[in-house]
Amino acid sequence: MANRPHRGAAAPALLAGPFYLVLIAVLGALEPGFSHRTSLMSMLGGVPGSRGLAFNLGVAATGALVITFAIGLRRELSPKWTTKVGLAMLMIGGLGLIGAGGFHCSEGCRNILDEPDFVGRVHLASSLVAGMGIGLAPFFVWASMRADTRWRDFATATLVAAILANLPGLTFWITIYTGSRLTAVEGLIQRAGLVVVLVWIFFVGVRLQRLTPRAE
């Protein structure tokens, strides 16, 4: 029974990143003209038919995995206010992903880029919430880890991940909202921050597995 909390947090942590990266890699490869360097990931959600549906459901599923990870990790960190804030932000970020999948782009993201409508605005707001939530969460988790003897040696890596995730994230959202989009590399910038956080979540899952007692 003692190892269940570890497994409850480790499984979604190990699944979230690989699942999402495979999702965008496969669907991106199937979409003519789609570029990971220049294209926004949300455009995959505006593809008509089953591929668009698969992307939007996949984004929502990733959000659910992040929320499940945060709930499980709560049992493995000291009950400090920084833990509560950090994990709450992870859950808010997961909800943002679910919202972004539910309120998705139209074809070519016209409902965001060309003719903004209610769905497009909710998608943009949900994506911002997702990015801010999962991007800022590691800063608070770092503060908890460095005061916890079981996690102290993982704290520096968490701080580095937090910094690396927010640099491209801030760049992306500032350029989006100021109309100074870096279209030549916009796709790479958007992916960079998210990938860093998903990689961090994955390695937290690896660490949780090591904390799990071996079955007798």
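User: Before we start, what should I know about the model and its numbering?

Analyst: It's a predicted model, so local features need pLDDT of at least 70 and side-chain atom pairs count only at pLDDT 80 or more, while totals for chains, interfaces and linings use all residues. Residues are numbered from 1 along each chain as its sequence is written, and side-chain values use heavy atoms, with hydrogens and water left out.

User: How many salt bridges does a search of the whole structure find?

Analyst: First the idea: a salt bridge is a side-chain nitrogen of Lys or Arg within 4 Å of a carboxyl oxygen of Asp or Glu. The search turns up four salt bridges. One of them joins Arg 150 and Glu 76, at 3.6 Å from N to O. Arg 150 sits in the loop between helix H5 (118-145) and helix H6 (152-178), and Glu 76 in the loop between helix H2 (50-73) and helix H3 (81-102), 74 residues apart. Helices here are DSSP runs (H or I, at least four residues), numbered from the N terminus.

User: Is Glu 76 buried or exposed?

Analyst: Buried means under 20% relative accessible area, exposed means over 50%, and partly exposed is in between (1.4 Å probe, protein chains only). Glu 76 has 5%, so that's buried. Arg 150, at 34%, is partly exposed.

User: Which residue forms a salt bridge with Asp 153?

Analyst: That's Arg 207, with the closest N and O atoms 2.8 Å apart. Asp 153 is in helix H6 and Arg 207 in helix H7 (residues 186-211), 54 residues apart in the chain. Asp 153 is exposed at 62%, but Arg 207 is buried at 13%. Arg 207 also lies over the face of Trp 151, 5.5 Å from the ring centre. That label needs CZ of Arg (or NZ of Lys) within 6 Å of the ring centre and within 35 degrees of the ring normal.

User: And how do I read a pair of aromatic rings?

Analyst: You describe it by the distance of the centres and the angle of the planes. Rings of Phe, Tyr and Trp (its six-membered ring) pair if their centres lie within 6.5 Å; planes under 30 degrees apart are stacked, over 60 edge-to-face, and the rest tilted. There are six aromatic pairs in the whole structure. Among them, Phe 69 and Trp 200 have centres 6.5 Å apart and planes at 85°, so they're edge-to-face. Phe 69 lies in helix H2 and Trp 200 in helix H7, so the pair ties together parts 131 residues apart in sequence.

User: What are the relative accessibilities of Phe 69 and Trp 200?

Analyst: Phe 69 is buried at 0%, and Trp 200 is buried at 3%.

Technical notes: Helices (H or I, at least four residues) and strands (E, at least two) are DSSP runs, numbered from the N terminus.
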